Amino acid sequence: MIPPLTNSIHDTALLLFSHTAQKEALYKNFSPEHSGNFNKQIADQLIGRTIKIARHTKLPFFLIDEQLQRGSSFGERLTNAMADVFNKGFQKIIVIGNDCPMVSTAIINKAAVELQKNDMLLAPTTKGGVYIIGLRKEYFEKNSFEKIGWQTSAVFENMVQYAREKNIATCYFQCKHDINNYADLVASLPYLSYTDPFRIAITCLIASFHIFNLDRFLSIFHLYILSKKSLRGPPYLLIPA
């Protein structure tokens, strides 16, 4: 059973389809070197940020992670999750993931407003995916949705084709970056305010990672230099610049 995290009689539900941070860290490499602990900390920040944003919307909110997901493929798990929410009586659904830090409460609320005037809403990513899907229940065809090329660069294109084939009135949002690796993570930060808690947290995590590895490198390098010095020579001190 999927428990809602907020209570509302609104006919539009918000679905966060996500992994837990622990599992997300296994699938994505957010660190310059593969570091499970660093990956999990980043995943924690991404998921925590998205949950906080979702809870501040005016929508009933459902979080469905791998503990509640059903199906052998991503498409099956996502469409089953959407069907479960629709079966609760909602007439419209907004689906988000955890990998686009540019998503805000205002953007999600705007999507809810646009979905009152349109039958479908798509927000593309720069890699051909989508960071928001909005859809009315009458246009949700489970079998067709399962066949979309999920987790590929063709997702947005497939969704647009789906809308055209079904003659669905569709609204499109601005394209934004999503995060799948360390390069994406660093590239996303300039798009966020300097005072954004997520940007501050990620910047501190990246800095601490590099400082830790710098200390480790200097320690190893120091031992290497000592091993090459003659024991008869004068003592010296290695001072990093």
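For these legends, Ala, Val, Leu, Ile, Met, Phe, Trp, Tyr, Cys and Pro count as nonpolar, Asp, Glu, Lys and Arg as charged, and the others, Gly among them, as polar. The model is predicted, so to speak of local features a pLDDT of at least 70 is needed and side-chain atom pairs count only at pLDDT 80 or more, while totals for chains, interfaces and linings use all residues. Residues are numbered from 1 along each chain as its sequence is written, and side-chain values use heavy atoms, with hydrogens and water left out.

View 1. A pocket is an open set of points on a 1 Å grid over the protein atoms alone, with protein on both sides within 12 Å along at least five of seven lines, and a lining residue has an atom within 4 Å of a point. Grid points are joined across faces, edges and corners, and the volume is the space filled by probe spheres set on them. Of the 30 lining residues, look for Lys 28, Phe 74, Asp 99, Gln 151 and Asn 180, which are the closest to the centre. Helix H1 (21–27), helix H3 (74–86), strand E3 (92–96) and strand E5 each give two or more residues, and E5 gives the largest share, with four. Helices (H or I, at least four residues) and strands (E, at least two) are DSSP runs, numbered from the N terminus. By class, the lining has 12 nonpolar, 12 polar and six charged residues.

**View 2. The second largest pocket, with helix H2 in its lining.** This pocket holds about 220 Å³ of space. Its lining has 14 residues, and those closest to the centre are Arg 49, Lys 52, Ile 53, Asp 196 and Pro 197. H2 and helix H8 (197–228) each give two or more residues, with the largest share, five, coming from H2. Seven of the lining residues are nonpolar, four polar and three charged.

**View 3. The largest cavity.** A cavity is a set of grid points where a 1.4 Å probe fits but cannot get out. Searching the whole structure turns up one cavity of 30 Å³ or more, and the largest has a volume of about 40 Å³. Around it you will find Arg 49, Thr 50, Ile 53, Ile 96, Gly 97, Cys 100, Pro 101 and Val 103. Helix H2 (residues 36–55) gives the most to this lining, with three residues.

View 4. In H6 (residues 155–165), Val 155, Met 159, Val 160, Tyr 162 and Ala 163 are buried. Buried means under 20% relative accessible area, exposed over 50% and partly exposed in between (1.4 Å probe, protein chains only). The buried residues pack against strand E4 (120–124), strand E5 (130–136), helix H5 (142–146) and strand E6 (170–172). Just after H6, Asn 167 takes a positive phi of about 55 degrees.

**View 5. Leu 189 in the loop between helices H7 and H8.** Leu 189 is buried, with a relative accessible area of 11%. Leaving aside neighbours within four places in sequence, Leu 189 is in contact (heavy atoms within 4.5 Å) with Arg 199, Ile 202, Thr 203 and Ile 206. Pro 101 is 88 residues away along the chain, yet the C-alpha atoms of Leu 189 and Pro 101 are separated by 8.8 Å.
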